[in-house]
Amino acid sequence: MLDGCCLVRRRRQHRCIKRETDIQPTPNMASSCWWCCKISPITHAFVFFLFVSSSFCHVRSSETGGIDPKNQTFRPGDELQKLRVIRERLNKMNKPAVKTIQSPDGDIIDCVLVHHQPAFDHPKLKGQKPLDPPGRPSGVNTNGIGAQDFQLWSMSGESCPEGTIPIRRTTEPDMLRASSVRRFGRKRPTRHVRRDSTSNGHEHAVGYVSGDQYYGAKASINVWTPRVSNQYEFSLSQMWVISGSFGDDLNTIEAGWQVSPELYGDNYPRFFTYWTTDAYHTTGCYNLLCSGFVQTNNRIAIGAAISPTSSYNGGQFDISLLIWKDPKHGNWWLEFGSGILVGYWPSFLFTHLRDHASMVQFGGEIVNSRSGSFHTSTEMGSGHFAGEGFGKASYFRNMQVVDWDNNLIPLSNLRVLADHPNCYNIHGGINKVWGNYFYYGGPGRNVKCP
């Protein structure tokens, strides 16, 4: 007999999974809860020589010559000029609100008219309105759970009116925390490095497919609250849809969750998006921090904290994300849960991704600043190694891609790779319930990872 049910029926966008040997999910089970069999991961080890995530920003300040800001001489004139620049950017970035909601975690959520959102500052979008929803890929499960109150700001019962979208307000402290005010909300440009190089301090445990034409990707991502050791490190779990070379023409679309004290000022896991069309040099940004992504949903705030999260040997929660290319207009759409459209990246933003992706990646990444010459204790995923399995290690499951005919299909030849398996590792497998899956993560610094 099953010994419990889903702990969060009212938070319907999350899936609660409990290990129960010999139990298979059936269509008659309650939509707020489902069960899966215990599964044994199968380890794969492949080497891939390039990786997009070398683009993440360095942990040192680009405006202080790599010197810690606290060691800089205080110059009142420079500080006043910096504040003026920040306030000018904030005035442009934060749009007039129809309604304002105070979140329990300290965020301020502004309900902004859809056509006033940052995307419509783009010259090619000025005066336009968001497009109607496209047809979804064939093979998408329409009997799953949707998204209601999966973010802290919406749990008070407050919501944004129809015709508006919720936007997390950027504040002066947000920008003052940034290592570079000029590049606030953006990643550092890529360098031409080998995939197995971590000289920039970024370490990964990822699964990927390449060698074909991809028109989208889907996965369910286990959500945790990993410890991040200092303000200039982060821990994230995401999907990458990639095209172009790993030079200056790199195009990416990214979505997942991240813990980033520098960007958000706390240690909550937050739903995020990113895009670039020139290897992070001058285009793209996180969330809605620049013109680009067009949001259409009035229930989801990109950049807002996710709740609940998973606990060790306790309830497990994941978020399901789908990114796909609309065959009619060529825009890349983002869906959360089952049928909850968040918005889209217009096709004109991109060069290579105007056609298709050449690689899809799933997995975790952290920044290792090596403070005190030791490896960081920043955790990836749950902070536990893949071998601990369900309820202890973080996972990606039901990974799929979208083919040329707008069909959602299983992965073929999924490869997995960990940069430093003694610090963070990954074990992949496949079964009838989870399809393609992997467990991944780790604690960072330990006896074998000094």
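**Exercise 1. Determine the handedness of the link between C285 and C290.**

Solution. The torsion about the S-S bond of C285 and C290 is -85°, and the link is left-handed. The bond itself has an S to S distance of 2.1 Å, where a disulfide is a pair of cysteine sulfur atoms within 2.5 Å. The model is predicted, with local features needing pLDDT of at least 70 and side-chain atom pairs counting only at pLDDT 80 or more, while totals for chains, interfaces and linings use all residues. Residues are numbered from 1 along each chain as its sequence is written, and side-chain values use heavy atoms, with hydrogens and water left out.

Next, take accessibility: buried means under 20% relative accessible area, exposed over 50%, and partly exposed in between (1.4 Å probe, protein chains only). C285 has 1% and is buried; C290 has 22% and is partly exposed.

**Exercise 2. Find the handedness of the disulfide of C111 and C160, and locate both cysteines.**

Solution. The sulfur atoms of C111 and C160 are 2.1 Å apart. The torsion about their S-S bond is about -80°, so this disulfide is left-handed. C111 belongs to strand β4, and C160 to the loop between β4 and β5, 49 residues apart. Strands (E, at least two residues) are DSSP runs, numbered from the N terminus. C111 is buried at 0% relative accessible area, and C160 is buried at 3%.

**Exercise 3. Classify the aromatic pair of F150 and F271.**

Solution. Rings of Phe, Tyr and Trp (its six-membered ring) pair if their centres lie within 6.5 Å; planes under 30 degrees apart count as stacked, over 60 as edge-to-face and the rest as tilted. The count is 20 aromatic pairs. For F150 and F271, the centres are 6.2 Å apart with 70° between the planes, making the pair edge-to-face. F150 is in the loop between β4 (108–113) and β5 (164–168), F271 in strand β10 (residues 270–276), 121 residues apart. F150 and F271 are buried.

Terms used. Helix = DSSP H or I, 4+ residues; strand = E, 2+ residues; numbered from the N terminus.
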